Amino acid sequence: MPVIVPAFSRIGEENAFAVLARATALAQAGRDVINLGIGQPDMPTPPHVVEAAVKALHDGHHGYTPATGILPLREAVSRDLDRRLGVQVSPDSVMIVPGGKVTMFMAILMFGEPGAEILYPDPGFPIYRSMIEFTGATPVPVPIREANGFAFSAEETLSLITPRTRLLILNSPANPTGGVTPKAEIDKLVAGLAAHPDVTIMSDEIYGTMTYDGERHHTLLAYPEIRDRLIYLDGASKTYAMTGWRLGWSVWPAPLYDAARKLAVNSFSCVNAATQWAGIAALDGPQDCVAAMMAEFDRRRLLVVEGLNRLPGVSCITPKGAFYAFPNIGGTGWKAKALASALLEEAGVATIGGPDFGIHGEGYLRLSYANSAENIARALERIGAFLETNRR
């Protein structure tokens, strides 16, 4: 039998894909399944973005590109950051990567090793902890609490830093909670990080365009005092409904950029050329498609929160960002993963149990409202009927 290195026994998974596979299998067997589990927009990629990729193929963009991405796309990322967030970033610090996970993978590989500690949000995107454990580093969860509106606490985050801390991972707007951390809390965190100059920060801002109720997204790139140790993660998957295109980008401080470039050369070589030209069209083209998508998500957000708060034993604060609700199911008497499984198998509604996002996720479910308003209403009706007859 082949013997692989022990690190692979520590790799976790993103259970949303397992739930998607099970929901698909049930549907293929004739069940009517409503999927509120997977985190991807249900809208198509904007037509002008698709056409840009088709044109790139007709124009002969079939070969390798630089491992860091084509210059016109890196320039487009710089323009977007200036226009949208008011920050200036050189195209020479931008790296084009196949999706958001690659930046996580690179950053955690750079700083994770036995004896090191890496802080990450909990509940949070499950790949953070998975990759930390793969490297042998110690994962240190930063609690993301409902009492704080699912924003991180600067005071609590800073209290968890030790001399062994190498990397701090932040995420706002947040998956799975929909929380948005206010500027005042970010200000306090950045001020406190002055006492920890050896801690690098990775800020996952993939949902940065997705906020509601006048809430503004505040980027860590706006703080010059940490720019020399900040890794910024972003991409096209959520904003432009391009999950399957695998197009992400990151901004790296100069001391780390070449290490990231070498990882790119040794792993994926480059993002496929046509997708990169599509990315330029997405960033530089009309943004009304984004506004329309966000208006629809907002309508669904209000629908799902109102419906969840009518369910027996369930309460849900209103998410301020992304496209997820994270209802508290403590009053139902169910454990979260058991309830998520029962809802899928018995009620035909796919959700994700909170513990799939970390130890602080118990007592919660994640529902994606990246589905039609009609399906959301049907799903809520099914969940309500199930809970009425299956209270514990």
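The residues lining the largest pocket of this predicted model divide into 11 nonpolar, seven polar and six charged. In this count Ala, Val, Leu, Ile, Met, Phe, Trp, Tyr, Cys and Pro are nonpolar, Asp, Glu, Lys and Arg are charged, and the others, Gly among them, are polar. The model is a predicted one, in which local features need pLDDT of at least 70 and side-chain atom pairs count only at pLDDT 80 or more, while totals for chains, interfaces and linings use all residues. Residues are numbered from 1 along each chain as its sequence is written, and side-chain values use heavy atoms, with hydrogens and water left out.

The protein is divided into domain 1 (6–45 + 288–390) and domain 2 (47–285), with bounds that come from an automatic or database domain assignment. Their C-alpha centres lie 25 Å apart. Across the boundary, 41 residues of domain 1 are in contact with 43 residues of domain 2, where contact means heavy atoms within 4.5 Å.

Rolling a probe the size of a water molecule over the atoms shows where empty space is left. Here a pocket is an open set of points, on a 1 Å grid over the protein atoms alone, where a 1.4 Å probe fits and protein stands on both sides within 12 Å along at least five of seven lines; lining residues have an atom within 4 Å of a point. The largest pocket has a volume of about 450 Å³, a volume being the space filled by probe spheres set on the points, which are joined across faces, edges and corners. Its lining comprises 24 residues, and Glu14, Gly39, Lys101, Phe125 and Lys238 lie nearest its centre. Helices α1 (15–28) and α4 (101–111) each supply at least two residues of this lining; the largest share, three residues, comes from α1. Helices are DSSP runs of H or I with at least four residues, numbered from the N terminus.

The second largest pocket holds about 190 Å³ of space. Of the 15 residues that line the second largest pocket, Pro126, Arg129, Asp356, Phe357 and Gly358 are the closest to its centre. Helix α5 (residues 126–135) gives the largest share of that lining, five residues. By class the lining has six nonpolar, five polar and four charged residues. The second largest pocket also lies between domain 1 and domain 2, because both give residues to its lining.

Val190 lies in helix α7 (residues 183–193) and counts as buried because its relative accessibility is 3%. Buried means under 20% relative accessible area, exposed over 50%, and partly exposed in between, with a 1.4 Å probe and protein chains only. Leaving aside neighbours within four places in sequence, Val190 is in contact with Leu220, Tyr223, Glu225 and Ile226. Ser78, in helix α3 (residues 71–85), is buried at 10% relative accessibility. Not counting residues up to four places away in sequence, Ser78 touches Val89, Ser90, Pro91 and Val94.

Cys270 counts as buried at 15% relative accessibility, whereas Cys289 is partly exposed, with a relative accessible area of 23%. With a disulfide taken as a pair of cysteine sulfur atoms within 2.5 Å, the count comes to zero disulfides.
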